[in-house]
Amino acid sequence: MLELRLNKLITEDVLKGYEKQVNEINKVIKNKTGAGNDFLGWVDWPVNYDKDELNRIIKDAKYVRDNFDVLVVCGIGGSYLGARSALEALNGLKSPDKLEIIFMGQTFSPNYVAQVMKYLEDKNFAINVISKSGTTTETSISFRLLKELLEKKVGKEKARKAIFATTDKEKGALKTLATQEGYVTYVLPGDIGGRYSVFTAVGTFALACAGVDVEALIKGARDARSEIQDKPLKDNLCYQYAVMRDYMYRHNKPVEMYVTYEPQMSQISEWLKQLFGESEGKEHKGLYPSSATFSTDLHSLGQYIQDGTPLLFETIINVLNPKDDIVIPHDNEDLDGLNYLEGKNLAFVNQKAFEGTLKAHEDGGVPCNVIYLDKLDAYNLGYLFYFFMRACAMSAYMLDINPFNQPGVEVYKKNMFHLLGKKGY
Ligand code: PA5
C-alpha cells in the first residue's frame with residue numbers, strides 16, 4: 001500500500017476538471033475497448049494468472065536453487081527490467097543469497113558479454129532465456145553463446161535440463177528451438193507486452209529462483225487492481241497521479257524525474273523510464289521520463305534541478321522503513337565533527353536529506369510529488385508496479401496515444417540490420 005502527496009498545483013478544482021475524462025478512460029481500460037486493446041491482458045492478470053504455471057515455476061525455482069550456483073537471465077527491455085529491478089530492490093545490491101543471478105542479453109557490449117562468459121567458465125550455471133518474439137538480436141546472440149558454453153561444459157543432455165525458456169505460447173524462433181531441444185518453457189501471453197509482463201513468468205521465474213515470494217508480489221498487484229478499478233478520482237491515488245502528469249505536460253513541464261533515496265531502487269527507475277517512455281513517447285507527444293538517485297546525484301544534478309532551466313517536476317519514491325540500517329558510532333577525537341550524529345541511524349539521516357531537499361526544490365519552484373511506501377517487500381513492490389502500469393495506460397490514453405506499441409524502436413533495428421548485412425534489409 002502507498003500514500004501519495006501531489007505537488008501543490010494539483011488542487012481539488014484541477015482534479016474535478018479531469019473527473020469525466022478519467023471515468024471514461026477507466027471504462028475503456030476495463031472493457032478493453034481502446035487503442036491497442038489486444039494488449040490489455042495485464043489489466044486482469046493478477047486475478048486471472050495461470051495458477052498451474054506459477055506452481056510449476058515455484059517448483060522449478062527450488063530445483064534451480066538446489067542444483068546450481070548461478071542463474072543467467074537472458075533478455076532485454078520488458079523481458080529484462082522487471083526481474084532485474086525487483087531483484088535489486090528486494091534483495092539489495094550485495095545480495096548474499098546462495099544463488100547468484102547475472103543478467104545478459106541486454107547489450108551488444110563486447111566487454112560485458114566477454115566478461116560474463118569468462119566468469120561463467122568455471123561456474124555451475126543455469127539459463128533463463130526470455131524473448132516474446134524470439135528474434136531480438138541482443139538476446140539471441142547472448143543465448144547462442146551461453147548455450148554453446150553450457151553444452152561444452154556439461155554436454156547436450158545436461159544442458160537441456162539447465163535451460164528454461166520464457167516465450168510466446170505458439171510462435172517464434174525461441175519457441176521452435178525450445179520445442180526441438182525439449183527445454184522447460186513458460187509462457188509470455190500473447191495479450192501482454194514486454195513492459196507490462198513483470199507478473200508473468202518473465203518476472204516470476206527469476207524472482208522465485210532468487211527466493212522472492214512471487215505469490216505476495218502478485219497479491220500486491222491484485223490489491224492495487226481492486227483499489228484502482230472502481231474508485232472515484234477523488235479517492236483514486238493512481239489516477240490522481242496520472243492527472244498530475246497530464247497537467248504538468250500541459251503546463252510546460254515536459255520532464256518527469258523519478259527520484260529514489262535508495263541505490264538499490266535505481267533499476268526501478270529504469271523500469272519506470274521504459275514503461276512510460278516506450279508507452280507514451282509517440283506522435284511527438286509525451287513526458288520525457290528521467291531519473292536520479294539522491295543524495296548521490298544531488299552532488300551532480302542537484303545544481304541543475306535547483307537552478308537550471310525549469311523544465312522538470314519530480315516524483316519521489318520514499319521508502320519509510322528500510323530493511324537494513326546502521327548506527328553512526330561515537331568517536332573520542334571527533335575530528336570529523338560527526339559526534340552530533342552519534343547514536344543516530346542512517347535511515348534518520350537519509351530521511352532528513354529527503355525532507356531538506358524536498359523543501360529546497362519546492363522553494364526553488366520545482367513541483368514535487370511524493371509516493372510514500374511503508375517498506376519495500378514483495379507485496380508492496382507488486383502494488384507499486386501495478387499502480388504505475390495502470391497510471392501509464394491512463395496517461396497515454398489522455399494523450400490519445402496507443403500505450404502498447406513501439407513503432408519508433410523498429411527504425412534503429414532496420415538501419416542496424418542493413419549495416420550488418422542481414423538478408424532483406
Ligand atoms: O516492452 C517491450 O515490448 C519491449 O521492451 C520488449 O520487451 C523488448 O524489445 C524485448 O522483446 P522480446 O521479448 O520480443 O525479445
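This is a predicted model: local features need pLDDT of at least 70, side-chain atom pairs count only at pLDDT 80 or more; totals for chains, interfaces and linings use all residues.
Student: Which residue does the side chain of Asp 44 contact?

Tutor: A polar contact is a pair of N or O atoms within 3.5 Å, where, within protein, one must be able to donate a hydrogen and the other to accept it, and residues adjacent in sequence count only if both atoms are side-chain atoms. Asp 44, which lies in the loop between H1 and H2, makes such a contact from its side chain to the side chain of Arg 225, at 3.0 Å. With a relative accessibility of 17%, Asp 44 counts as buried.

Student: Which peptide bond is cis?

Tutor: The bond from Phe 294 to Ser 295 is cis, with omega near 0°, and Ser 295 belongs to the loop between strand E8 (288–293) and helix H13 (302–307).

Student: How many residues of strand E7 are buried, and how many bridges join E7 to E8?

Tutor: Strands pair if DSSP finds at least two bridges between them. Strand E7 (residues 255–260) is mostly covered, with 6 of its 6 residues buried, and both of its faces are covered: Val 255, Met 257 and Val 259 make up one side, and Glu 256, Tyr 258 and Thr 260 the other. E7 is joined to E8 by 6 bridges, the two strands running parallel, and Val 255 stands opposite Tyr 288 in E8.

Student: Which residues form the covered and uncovered faces of strand E1?

Tutor: In strand E1 (residues 2–5), Leu 2 and Leu 4 form the covered face, whereas Glu 3 and Arg 5 form the uncovered one. E1 runs antiparallel to strand E10 (residues 368–373), to which it is joined by 4 bridges, and Glu 3 stands opposite Tyr 372 in E10.

Student: How many aromatic pairs does the structure hold?

Tutor: Rings of Phe, Tyr and Trp (its six-membered ring) pair if their centres lie within 6.5 Å, and planes under 30 degrees apart count as stacked, over 60 as edge-to-face and the rest as tilted. The structure holds 23 aromatic pairs. In one of them, the ring centres of Tyr 80 and Phe 103 are 5.6 Å apart and the planes are at 70°, so the pair is edge-to-face. Because Tyr 80 lies in the loop between strand E2 (70–74) and helix H4 (81–91) and Phe 103 in strand E3 (residues 100–104), the pair ties together parts that are 23 residues apart in sequence. Tyr 80 is buried, with a relative accessible area of 10%, and Phe 103 is buried at 6%. Phe 199 and Phe 385 form an edge-to-face pair with 6.3 Å between centres and 75° between planes. This pair links distant parts of the chain, 186 residues apart, since Phe 199 is in the loop between strand E6 (184–187) and helix H9 (201–209) and Phe 385 is in helix H15 (residues 378–398). Phe 199 and Phe 385 are both buried. Trp 42, Tyr 196, Tyr 386, Tyr 397 and Phe 404 form one aromatic cluster.

Student: How many residues surround the ligand?

Tutor: A residue is near a molecule if one of its heavy atoms lies within 4 Å of it. The ligand is surrounded by 13 residues, the closest being Ser 79, Ser 131, Ser 133, Thr 136 and Gln 274. As for the backbone, a polar atom of Lys 132 is 2.7 Å from an oxygen atom of the ligand, a polar backbone atom of Arg 195 is 2.9 Å from a ligand oxygen atom, and a backbone N or O atom of Gly 194 lies 3.5 Å from an oxygen atom of the ligand.

Terms used. Residues are numbered from 1 along each chain as its sequence is written. Side-chain values use heavy atoms; hydrogens and water are left out. Buried means under 20% relative accessible area, exposed over 50%, partly exposed in between (1.4 Å probe, protein chains only).
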